[in-house]
Amino acid sequence: MKNIDWGNLSFGYSKTNYNVRCYWRDGQWGELEVSSSETINIHMAATCLHYGQAAFEGMKVFKGKDGKVRVFRWEENAKRLQNSSNGILMAPVPAEIFKKAIDKVVELNKNFIPPFESGASLYLRPLLIGTGAQVGVKPANEYLFVIFVTPVGPYFKEGFKPVSIQIARDADRAAPLGTGNIKVGGNYAASLKSGQRGHDEGFSSVLYLDAKEKKYIDECGPANFFAIKGNNYITPKSPSILPSITNKSLMTIAEDMGMTVERRAVAVEELSGFDECGACGTAAVISPIKNIVDRDTKKEYKFCADGNAGPICTKLYDRLRDIQYGNEPDKFGWVTILK
Ligand SMILES: *Cc1c(COP(=O)(O)O)cnc(C)c1O
């Protein structure tokens with residue numbers, strides 16, 4: 001598209017040409033449909049509206065220096081959407097349909113894939129919602145799977161710069177045995193209020209603690225937490241954390257770099273002993289953390305003394321981006337080239 005300022009894209013929605021849709025009715029998935037409409041027409045009693053039958057995914061497509069278009073670990077997103085479906089009783093989308101939808105929607109919007117030089121990418125948002133009407137609390141008998149796309153810049157306009165994070169003990173994102181481990185809309189509704197307050201108080205994100213004991217670190221609103229201590233990559237293990245594909249990939253890269261990966265309960269007090277901390281997810285890959293302020297105890301944990309991202313965070317970030325853009329051989333088999 002001639003009129004897109006690729007270098008200054010934000011992480012937000014902008015209209016593209018097409019989206020793809022697939023309906024589950026009478027117990028089966030129908031044909032993939034192409035739409036140029038930005039709206040969906042659903043029954044007012046649809047279960048996604050009343051009872052939260054809604055799950056989503058977030059993934060990116062990159063144009064390499066070689067002009068090839070790559071999608072990162074789509075099989076993981078397909079699997080996670082199926083887990084989300086199982087968690088809130090929605091019809092799971094088969095991986096074949098998921099992949100077909102990716103191929104189609106990327107092909108139809110190829111003019112919106114940012115050029116390599118821009119550092120931007122095409123964000124894919126798969127969405128699965130219960131569309132069947134119910135008034136009693138029951139799963140829907142009809143579902144809609146949609147993928148829309150939007151070109152996005154790097155998450156942070158300022159670049160790879162450390163951010164401030166707030167611990168809020170008076171809010172929980174997810175219950176220990178609730179839906180924190182699946183990517184459903186309700187978790188986001190539960191975090192909006194504390195997240196907004198955190199923003200208003202000058203923080204880029206809230207770090208939630210485990211809901212039961214308030215002793216251990218769970219994750220940031222929309223991103224997993226990790227820390228570097230010596231040669232160790234440490235990331236919390238908890239039943240209420242959403243398994244981030246970025247975090248999973250960073251653990252593999254860390255191991256490949258000769259680091260030891262620790263996935264375990266991480267107590268808040270450990271923060272004072274960490275060399276580097278980061279939040280990770282598809283949107284930003286890594287947001288290095290410069291300080292974490294506990295809203296209730298007023299305790300502050302500081303990192304990045306010189307104001308820049310730490311060396312290990314930087315190395316991890318660069319390697320993952322290089323794999324995604326095809327600058328580095330895909331030694332872990334994470335990348336699929338799209339036609
Ligand atoms: C999507 C998401 C993440 C990041 O997952 P990625 O697969 O790395 O994008 C982390 N936490 C929550 C709560 C999420 O919804």
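In the class counts below, Ala, Val, Leu, Ile, Met, Phe, Trp, Tyr, Cys and Pro count as nonpolar, Asp, Glu, Lys and Arg as charged, and the others, Gly among them, as polar. The model is predicted: local features need pLDDT of at least 70, side-chain atom pairs count only at pLDDT 80 or more, and totals for chains, interfaces and linings use all residues. Residues are numbered from 1 along each chain as its sequence is written, and side-chain values use heavy atoms, with hydrogens and water left out.

**Exercise 1. Describe the second largest pocket by volume, lining and class.**

Step 1. A pocket is an open set of points, on a 1 Å grid over the protein atoms alone, with protein on both sides within 12 Å along at least five of seven lines; lining residues have an atom within 4 Å of a point. A volume is the space filled by probe spheres (1.4 Å probe) set on the points, which are joined across faces, edges and corners. The second largest pocket holds about 310 Å³.

Step 2. Its lining has 18 residues, of which L242, P243, S244, K248 and R263 are the closest to the centre. Two or more lining residues come from each of α2 (74–87), β13 (232–236) and α5; helices (H or I, at least four residues) and strands (E, at least two) are DSSP runs, numbered from the N terminus.

Step 3. The class count of this lining is six nonpolar, seven polar and five charged residues. Domain 1 (6–152) and domain 2 (163–324) each contribute at least three residues to the lining of this pocket, with bounds from an automatic or database domain assignment.

**Exercise 2. How many cavities of 30 Å³ or more does the whole structure have, and what lines them?**

Step 1. A cavity is a set of grid points where the 1.4 Å probe fits but cannot get out. The search finds two of 30 Å³ or more.

Step 2. The largest cavity has a volume of about 120 Å³. Among its 14 lining residues, K60, F72, T246, T282 and Q324 are the closest to its centre. β5 (59–63) gives the most, three residues, while α5 (245–256) and α6 (311–325) each supply at least two. The lining has six nonpolar, six polar and two charged residues.

Step 3. The second largest cavity holds about 30 Å³ and is lined by R173, A174, Y208, L209, D218 and E219. By class, three are nonpolar, none polar and three charged.
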